[in-house]
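Reader: I have a model open on my screen and would like to learn how to read it. Could you walk me through it?
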Amino acid sequence: MSALEDTADGPTEVIQVLFAVHANFGAQELCGPLEILSKAYHKIHDPSTKAFECTFAAPSQGVTSSSGLTIKADIDIATAHEDLNEYDVLIIPGGNGVDDVLKNESEPLELIKAFAKLQITDPSKERTLMSIGTGSLLLAQTGILQGLAATTHPDYYTKMEIICKDAARRGELEQTDVMEENYVVNNARFELGEKMEENPFVLSKRPDGRRKSIARKGSNAWKESVKRRESNARRASLRLGGLRLITSGGITSGLDASLYLVAAMVSHESAQEVARVMQYTWNKGVTVEGIDV
């Protein structure tokens with residue numbers, strides 16, 4: 001990892017992101033988050049301070065989306081397993097190919113489980129697992145969503161609930177709260193601040209009549225999390241060793257969740273700038289099981 005920005009506590013490292021891509025993935029579910037992360041800088045307007053470095057892992061050298069877009073993988077899945085500890089973020093795009101992954105019990109299911117297990121065995125590092133659209137069905141299949149809250153594309157709420165219930169029967173019988181939300185964040189790290197109305201992650205009103213949630217909204221910048229030297233014991237006490245877990249709904253929800261990730265790991269100002277450049281209005285989701293550190 002290369003250092004790009006010097007801070008009071010030393011250089012800020014580029015955040016390493018791994019996209020686990022399956023055949024017939026959703027092109028926009030991959031390209032949307034990629035575009036947002038590629039435009040995020042630690043210092044706004046300074047491309048030399050890029051915040052994220054993205055790597056693509058796939059079962060074959062070339063993998064094609066359901067719409068015919070073919071991308072070249074940087075590494076294969078075996079190498080992704082070997083180098084998994086080098087990555088801070090694992091992103092799972094959805095798409096039509098999710099059904100085949102579920103049917104064949106193929107990758108990236110094992111990669112998802114390995115990443116979650118890595119956080120449990122080594123909570124000293126802050127890691128994030130994020131799914132886009134129906135990619136959350138793969139997270140549900142692995143059983144890691146037990147006892148947590150999650151969302152998916154609205155057309156798949158029922159299927160998500162069925163998969164989560166089956167996973168609970170195979171596991172520890174803990175249910176998953178499938179929420180009708182834009183995106184859902186578990187194990188976030190944020191400060192609410194003294195004035196809630198000034199917190200950029202808190203909505204004073206719900207924008208519509210969807211089912212209510214008591215979830216708090218918020219996050220905190222990567223560099224601030226490093227400054228506070230969050231207690232490993234405290235992180236380890238959380239589910240999945242404190243793994244930040246983000247699930248999002250459809251394509252635009254994936255954009256929103258990606259902007260949240262930028263705000264959480266870089267800065268809120270950086271996320272706002274990316275949204276401005278893309279002429280996109282950032283719609284917020286919800287945060288559950290957060291801790292104030």
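Reader: How many helices and strands does the secondary structure of the protein chain come to?

Author: Helices (H or I, at least four residues) and strands (E, at least two) are DSSP runs, numbered from the N terminus. Here the protein chain has 10 helices and 14 strands. This is a predicted model, in which local features need pLDDT of at least 70 and side-chain atom pairs count only at pLDDT 80 or more, while totals for chains, interfaces and linings use all residues. Residues are numbered from 1 along each chain as its sequence is written, and side-chain values use heavy atoms, with hydrogens and water left out.

Reader: What percentage of the residues count as buried?

Author: Buried means under 20% relative accessible area, exposed over 50%, and partly exposed in between (1.4 Å probe, protein chains only). By that rule, 55% of the 293 residues of the protein chain are buried.

Reader: In what order do the 8 strands of the open sheet come?

Author: Two strands pair if DSSP finds at least two bridges between them. The order here is 7-4-3-8-9-13-12-14, with mixed pairing. At the edges are strand 7 (75-76) and strand 14 (286-288), each pairing on one side only.

Reader: Which strands does helix 4 touch?

Author: Contact means heavy atoms within 4.5 Å. Helix 4 (residues 109-121) packs on the sheet and touches strand 3, strand 8 and strand 9 (128-131). Strand 3 (residues 15-20) and strand 8 (residues 89-92) are parallel partners over 3 bridges, and V17 is opposite V89 in strand 8.

Reader: How many residues of strand 13 are buried?

Author: In strand 13 (residues 244-248), 5 of its 5 residues are buried. R244, I246 and S248 point one way, and L245 and T247 the other way. Strand 13 pairs with strand 9 in the parallel sense over 4 bridges, where T128 has R244 as its bridge partner. With strand 12 (residues 183-186), strand 13 runs antiparallel, joined by 4 bridges; there V184 stands opposite T247.

Reader: Now a loop, please. Why does T176 count as buried?

Author: T176 counts as buried because its relative accessibility is 13%. This residue lies in the loop between helix 6 (157-170) and strand 11 (177-178). Beyond its neighbours within four places in sequence, T176 is in contact with L145, Q146, G147, L148, A150 and C164. The side chain of T176 also reaches the backbone oxygen of L145 at 2.8 Å.

How values were computed:
A polar contact is a pair of N or O atoms within 3.5 Å; within protein, one must be able to donate a hydrogen and the other to accept it, and residues adjacent in sequence count only if both atoms are side-chain atoms. Axes are lines fitted to C-alpha atoms, for helices over the stretch in contact, and angles run from 0 to 180 degrees between N-to-C directions.
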